[in-house]
Amino acid sequence: MTRAPIGCRDGISPRKTMLRGIVPAHPQFYAGRAGDSPFSFGTVIPPGTALSRPVLAWYHPDVPDEEPIPFDYSVLHVDDDLIVVDKPHFLPTTSNGRLVRETLQTRLRRDFGEDDIVPLHRLDRLTSGVVLCSRSPDTRAAYQRIFLEGTAEKWYRGIASAPLDIDDWVSLPMLKVPGQRQVCVDSAGVMTHTFVKASGVDVSMSPRTGHTHQLRVLLNHLGAPLLGDDTYPEDRGLDLYDFSEPLALQHHQISFTDPISGARRRFSSSRGVQE
């Protein structure tokens, strides 16, 4: 990955671009690392410069203020490599294109004063629970492999809108249609696998695949959509600041073998499912 010559600003990563023609006056651009660049890495590229060739550059994006999301994370564990947090409902893990400042990643970077904090996996904005974050670029790839290779055991808790009686694997093909919020069960989709255990409305689920909305789609397919779901069975539209009813879905626990120490590790949420 190309390293930026400048750090984050207010927890927000710089962006890179290829400058052509005349260098704009705003924002300020910093030279990236490229063998044919006429500028030294990290130096300011003077505004008004006429470029004879495209030049790799970095800049701080202008990000407008955002209405605060009135819920915050709690810290479950901190060491040299990881920060493990309990994410609340309604707070995006990373930027979703609409929210940049009001995300878990940006808050952690600001609060810890560390530009290198990156979530190792993602929870939906409406899902609460355990999130593992890397704080060390030196060990990040090792922890990322836990999720790429599917060796982490993840358990979710949910509250269904109708009672279920199940203790088995459920495999469903799911299809995300561009431009639509809902994911559908469709034979043309990607096969998903989830272990589901329920005797009543309290549901435990352990996914072995990671499809968008996988658990929400699964329970809707079983005729028992999650309480507080704004998308299944009916898409009620997106409102980032409607906090009236939390989605009854929580990433309750994750366990894995630490790739650095070899020790078995387990982290659990201390929140209620709809807290």
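This is a predicted model: local features need pLDDT of at least 70, side-chain atom pairs count only at pLDDT 80 or more; totals for chains, interfaces and linings use all residues.
**View 1. A four-stranded open sheet.** Follow the strands in the order E1-E4-E2-E3, and you will find antiparallel pairing. Strands E1 (15–19) and E3 (44–45) form the edges, each pairing on one side only. Strand E2 (residues 29–31) runs antiparallel to strand E4 (residues 55–59), and two bridges join them. Look here for alanine 31, which stands opposite alanine 57 in E4.

**View 2. Arginine 101 meets aspartate 10.** Their side chains form a salt bridge (3.7 Å, N to O). Arginine 101 sits in the loop between strand E6 (82–87) and helix H1 (104–112), and aspartate 10 in the segment before E1, so the pair ties together parts 91 residues apart in sequence. Arginine 101 is buried at 17% relative accessibility, whereas aspartate 10 is partly exposed at 45%.

**View 3. Aspartate 72 meets arginine 107.** This salt bridge spans 3.1 Å, N to O. It links distant parts of the chain, 35 residues apart: aspartate 72 is in the loop between E4 and strand E5 (74–78), and arginine 107 is in helix H1. Aspartate 72 is partly exposed at 40% relative accessibility, while arginine 107 is buried at 7%.

View 4. Arginine 216 pairs with aspartate 230, with the closest N and O atoms 3.3 Å apart. Arginine 216 belongs to helix H3 (residues 214–221) and aspartate 230 to the loop between H3 and strand E12 (249–257).

**View 5. Aspartate 124 in its loop.** You will find aspartate 124 between strands E7 (118–119) and E8 (128–134). Aspartate 124 is buried at 17% relative accessibility. Leaving aside residues up to four places away in sequence, aspartate 124 touches Lys87, His213 and Arg216.

Key
Residues are numbered from 1 along each chain as its sequence is written. Side-chain values use heavy atoms; hydrogens and water are left out. Two strands pair if DSSP finds at least two bridges between them. Buried means under 20% relative accessible area, exposed over 50%, partly exposed in between (1.4 Å probe, protein chains only). Contact means heavy atoms within 4.5 Å. A salt bridge is a side-chain nitrogen of Lys or Arg within 4 Å of a carboxyl oxygen of Asp or Glu.
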